[in-house]
Amino acid sequence: MRKKKRTEIIVERDQVLVIRNLGARDPEWCSECAEGARMVTVDEAAAITQVSARTIYRRVEGGRVHFRETADSRLVICLNSLLN
């Protein structure tokens, strides 16, 4: 009887996303967090979480992320709530 040799391979993967232009922005007040937070556009939020902009809008509609509208009617997302 032959013994079968078994090899198990485990692959771990970490990812780091660096967004350089966030440093230029001052934290803004997030009324839901009750603290200062970086606010990002919908497209930036989509890139950070690697989902579509439509998915971000669904999260906004579902109340899963904090957001506010700017004076020019643009939607900005609280980075704290996006990453938690």
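Tutor: In this predicted model, the α1 side of the helix contact consists of Val42, Asp43, Ala45, Ala46 and Thr49, and the α2 side of Ala53, Ile56, Tyr57 and Arg59. By class, the residues of this contact are six nonpolar, one polar and two charged. Helix α1 spans residues 42-49 and helix α2 residues 53-61; their axes lie 8 Å apart at an angle of about 105°. The two helices are therefore roughly perpendicular.

Several of these residues also belong to the largest nonpolar core, which has twelve residues, among them Val42, Ala45, Ala46 and Ile56. Two or more core residues come from each of α1, α2, β5 (75-78) and α3 (79-83), and α1 contributes the most, with four. Leaving aside residues up to four places away in sequence, Ala45 touches Val40, Ile56, Ile77 and Leu82. A second, separate core of five residues includes Cys30, Ala37, Val76 and Cys78.

The cysteines call for a separate check. The structure holds zero disulfides. In terms of solvent accessibility, Cys30 is buried, at 3% relative accessible area, whereas Cys33 is partly exposed, at 22%.

Key: Residues numbered from 1 in each chain as written. Predicted model: local features only at pLDDT ≥ 70, side-chain atom pairs only at ≥ 80, totals over all residues. Heavy atoms only, no water. Axes fitted to C-alpha atoms, helices over the stretch in contact; angles between N-to-C directions. Parallel < 35°, antiparallel > 145°, perpendicular 65-115°, else oblique. Contact = heavy atoms within 4.5 Å. Nonpolar A, V, L, I, M, F, W, Y, C, P; charged D, E, K, R; others polar. Disulfide = S-S within 2.5 Å. Buried < 20%, exposed > 50% of the residue type's maximum accessible area, 1.4 Å probe, protein only. Core = buried A, V, L, I, M, F, W, Y, C linked by side-chain atoms within 4.5 Å.
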